[in-house]
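Thanks for coming. I have one structure to go through today, and I will keep it short.

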Amino acid sequence: MKASSFTEAFVLKQVEEGTAVAEIFRKAGMSHATYFNWKKRHGGLLPDEMRRLKALEDENARLKKIVADLTLDRGMLQDVIRRKL
């Protein structure tokens, strides 16, 4: 089956702008289930909001990794101090 050239963001934006959902399904060659899965996953966010959310999720993951690394470093330093005392 030919892969659709329509992206999630494009299809969801078309629906938000008021294009008939059945027309989008026909043009995109997609099923109703695909649309509703996309809609459920993105919760009605606009494409700009989806990009912003993805950027925030990436930043959050990066910061969590930094905190984990610093926590390990702190623990190792405390062990060294305890051994010297």
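This is a predicted model: local features need pLDDT of at least 70, side-chain atom pairs count only at pLDDT 80 or more; totals for chains, interfaces and linings use all residues.

Residues are numbered from 1 along each chain as its sequence is written, and side-chain values use heavy atoms, with hydrogens and water left out.

The chain has 4 helices and 0 strands, where helices (H or I, at least four residues) and strands (E, at least two) are DSSP runs numbered from the N terminus. Of its 85 residues, 15% are buried, with buried meaning under 20% relative accessible area, exposed over 50%, and partly exposed in between, for a 1.4 Å probe and protein chains only. Contacts are heavy atoms within 4.5 Å. Among contacts with a separation of 6 or more, 52% join residues 24 or more positions apart.

Now the packing. How do the axes of H1 and H3 cross? Helix H1, residues 8-16, and helix H3, residues 32-42, have axes that come within 11 Å and cross at roughly 90 degrees. Axes here are lines fitted to C-alpha atoms, for helices over the stretch in contact, with angles from 0 to 180 degrees between N-to-C directions. H1 and H3 are therefore roughly perpendicular to each other, a label used for 65 to 115 degrees. On the H1 side, Glu-8, Val-11, Leu-12 and Val-15 meet Tyr-35, Trp-38, Lys-39, Arg-41 and His-42 of H3.

Next, salt bridges, meaning a side-chain nitrogen of Lys or Arg within 4 Å of a carboxyl oxygen of Asp or Glu. The structure holds 4. One of them joins Glu-23 and Lys-27 at 3.0 Å, N to O. These two are 4 residues apart in helix H2, residues 21-28, so about one helical turn separates them. Glu-23 is partly exposed at 30%, and Lys-27 is exposed at 52%.

Last, the surface. Leu-63, Ile-66 and Leu-70 form a nonpolar patch with about 260 Å² of accessible area together. Patch members have over 30% relative accessible area and no salt bridge; like charges are joined within 9 Å and nonpolar side chains (Val, Leu, Ile, Met, Phe, Trp, Tyr) within 5 Å. Areas come from the Shrake-Rupley method with a 1.4 Å probe, and for residues only the protein chains shown count as cover. Leu-70 sits in helix H4, residues 47-84, and is exposed at 52% relative accessibility.

Notes. Angles under 35 degrees count as roughly parallel, over 145 as roughly antiparallel, 65 to 115 as roughly perpendicular and the rest as oblique.
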